[in-house]
Amino acid sequence: MANFYTDNENLKFHLAHPLMEKIVRLKEKDYVEKDQFDYAPRDFEDAIDSYDKVLEIVGEISGDIIGPNAEGVDHDGPQLIDNEVKYAPGTVDNLEALKKAGMIGMSLPRQYDGLNFPMIPYIMAAEVVSRADAGFANIWGLQDCAETIHEFGSDEIKNEYLPRFYKGATAAMDLTEPDAGSDLQAVQLKATFNQEDNTWYLDGVKRFITNGDADISLVLARSEPNTSDARGLSLFVYDRTSKAMTIRRIENKLGIKGSPTCELVFKHAPAKLIGDTKMGLIKYVMSLMNSARLGVGAQSVGLAEAAWREAQKYAEEREQFGKAIIQYPAVYELLTNMKVKTDAIRSLLYETARFVDIYKAYTFISHDRKLDQPEREDYKHYLKLADVFTPLLKLVASEYCNQIAYDALQIHGGTGYMKDFPVERIFRDARITTIYEGTSQLQVVAAIRGVGNGVYLKAIQNYLSIPVKPELQYLKSTLEKMADQFGKIVEKVNEHEENEFLDFHARRLVEMAGNIIMGCLLLHDANRSDVYKKSAEIFIRIGRADNISKVSMINQSHPRDLGAYKS
Amino acid sequence: MSFKIIVLAKQVPDTRNVGKDAMKADGTVNRAALPAIFNPEDLNALELALRIKDKLVDCEVIVLTMGPFRAAEIIREAMYRGADKGYLITDRKFAGSDTLATSYAISLAVKKLEPYHLVISGRQAIDGDTAQVGPQTAEKLNIPQITYAEEIIDVDQTSITVKRRLERGVEVVKSKLPVAITVHSSAPDCRQRVTKLLMKYKHCRTVTELQNETKDYTELYNLRPYLQLNEWTVDDLHADVSMLGLSGSPTKVKKIENVVFASKDSKVLSSSDADIDGLMKELLSSHVIG
């Protein structure tokens, strides 16, 4: 009788964020559907109440079904039988429960049988499901693909595919190939258009495809012969019922074992074009990847929460030298830092999701009517923020979640290294988060733009311009000093006018910005509720020390030193 | 005619997770300290009813509950899972009813809903554990009863085949309709609440609940009359007041005891295979495990 939503007050806190009123109004287009659909909200209060109650269902399914199934799913894993992926029995149970409860296609509009939920409650559901089983969260979270079809597909494609999600259709995004991993421009899978039957056909190999045997797959393919870069790539939707794809194998992985990772061979497989040709990677996949990165952020926070809870429980129960190990400074500091860092990445997760929510809502409004000038400004503002916050979130949340899982296992000692406790699974599952949907190193490449164009610094200054309670003023002053220090060190790196030197320090600079931004977010959380005061205080202390050490590293370096690092 | 199922459900204090303040000093249940929940076996009964509805399609599932005003929550919870509507039997005059008075009131309400095919409920409620209300209601309605049901094997407009879970095995019985069925906890768990049904029905209110709402629901209720939940009082049921409440309840609680389990004797075992084997056999034969 566990509920992973109601037992975690942090979620309700973020659901009550002041910006929610705007988000819901935009998403619901001023509650225009209230009389048309019996399940549409009538006003803001009604909408929040619905999100809260729906999250309670997700929390119950996660606590009572998905969580208890996780160990079995990890052990059994999926199997390849007669060219079909058979999920582990627990996975089948999980999917069935979520499907019957109507949890697939949550963000789709009601006209396609969706719930029309904004990103915030959807991402909360993703966090809650990930806490129960991060591997399963992948299969469920791939409903993101529906969003891409909705945003870029033709009406014909939308009408054909979107209503299938609520009925439980699963999805996959087929991007990676043996020679095109981080570098998706190198995708080779061929798409040829046949004039006679007016259909596109796919031929080639995809690799490392999560949930490769899904009902509905989005496939990135080269539609323009004799091209070799991103401009020759288009996005297609492939329907599993065509049976024109073989599954060569399911990978044997370190973690997220319940999630089938497949190698696929397309042989003259019929597919439909999404949007326009040549826009596949440049526009559609970029959008798809951004929501997937937000998804990995949610997965990381869910894993961090699970790891911290396991460690906290174990440290309270385990006695050594005559007392519970939680009473030793070496252990309680670890635990508190884990909790504080989880709070920090959760705040960053929902802040990013809010930015995405607002710009996406404007995007869809613009499909119906022209945005007016202030709306366009607002759209651009939030789009810019979402663009630089998304890679920052993916980077920081996945890295923290790994540190937290590592420390959680450490607190378990030898027992943690055995299969007896869930922590070893959490530790293995966490490892993928810094790798897929763009490695941490690639997130830095995207995020450094936010350092270069000043968007991070502007966001920080904006946070610091909002007044806080007098008792929190000292934290704000510290953050102001950190912002000042950040601005100066960025200038210093830029003075050398050497790209490689900037790349060399890019991660340090991005992480410095991250420390200040998360500090600001926790400060404002603390301003809204005293519960977060401790986290704000401790996080800002850690962040400040970390930034000082990074500044010291940068100050000691010069472009001419780079040679020493090259082999 | 559409197949009509009446599910009897009760709101009970959650006695499964009791803390130290679960009982008051006088030995009665401290209801304030325990959350009010849907009686677990009534949820099993609801699931069996909803499975019949899945199969027959032309089928109506009606929830009937008796209790204070807040018990309307049970009706909403059932509707979030697929029930079509519900009735709350509520009146101060019911207070203090034992199983006899309760089944009298429920049987009157069921009669008001005639014609029906099936009355289905949990075997027993976790607050009283009497398992009497289902069978007594069947007697008062003068219809056959099948207790300890685990699975509905077959059903049509005139008959039903049910698997019963008994102490030493299972039994399959067939009955004509209408029939009253009580459901055992070994029946399948109830399905989850469905997002769209929840959002559709969450504004359902009884008349009394509406009076305490701060928001004005008039417009919404005119638009969607199904949001108004039915409330029945003693007068609506034309009940004989002497057969209700304390006066209609021959059951008197003589004494309530707090039982504290304590170990009496202990046994020392060696780690030899023979000793472990002996312990396993002992635990199996006393049904502690297995």
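Colleague: What makes you speak of domains in chain A, and which are they?

Modeller: Chain A of this predicted model is divided into domain 1, residues 171-277, and domain 2, residues 440-559. The bounds come from an automatic or database domain assignment. Between the C-alpha centres of domain 1 and domain 2 of chain A there are 40 Å.

Colleague: What makes a set of residues here a nonpolar core, and which members of the largest one touch the most others?

Modeller: The members must be buried residues of the nonpolar kinds listed for a core, joined through C-beta atoms within 7 Å. The largest such set has 242 residues, and Phe236(A), Ala307(A), Ala408(A), Val7(B) and Ala105(B) touch the most other members. Domain 1 and domain 2 of chain A each give this core at least three residues. Nonpolar side chains tend to be buried together in soluble globular proteins.

Colleague: How do you know what Ala105(B) is in contact with, leaving aside its neighbours within four places in sequence?

Modeller: Contact requires C-beta atoms within 7 Å. On that test Ala105(B) is in contact with Met66(B), Ile89(B), Phe94(B), Ser97(B), Leu237(B), Ala239(B) and Leu244(B).

Colleague: How many residues of each chain take part in the contact between the chains?

Modeller: Chain A gives 15 residues and chain B gives 12 residues. On the side of chain A that touches chain B, α3 (44-76) and α4 (89-100) each supply at least two residues. The most come from α3(A), with 6 residues. By kind, that side of chain A has 8 nonpolar, 2 polar and 5 charged residues.

Colleague: Which way does α5(A) pass α10(A), and why is the crossing called that?

Modeller: The crossing is right-handed. That name applies because the near helix is turned clockwise from the far one. Helix α5 (residues 119-132) and helix α10 (residues 329-368) of chain A pack at about 140°, and their axes are 9 Å apart.

Colleague: Which residues make that contact, and of what kind are they?

Modeller: From α5(A) come Met119(A), Ile120(A) and Ile123(A), and from α10(A) come Leu349(A), Tyr350(A), Ala353(A), Arg354(A), Val356(A) and Asp357(A). They divide into 7 nonpolar, no polar and 2 charged. Arg354(A) and Asp357(A) belong to the contact, and Arg and Asp count as charged.

Colleague: What makes up chain B, and how much of chain B is buried?

Modeller: Chain B has 9 helices and 12 strands. Of its 290 residues, 36% are buried, where buried takes 20 or more other C-beta atoms within 10 Å. Among contacts in chain B between residues at least 6 apart in sequence, 69% join residues at least 24 apart.

Methods
Residues numbered from 1 in each chain as written. Chains lettered and ligands numbered in written order. Predicted model: local features only at pLDDT ≥ 70, side-chain atom pairs only at ≥ 80, totals over all residues. Buried ≥ 20, exposed ≤ 12 C-beta atoms within 10 Å, placed from the backbone. Contact = placed C-beta atoms within 7 Å. Helix = DSSP H or I, 4+ residues; strand = E, 2+ residues; numbered from the N terminus. Axes fitted to C-alpha atoms, helices over the stretch in contact; angles between N-to-C directions.
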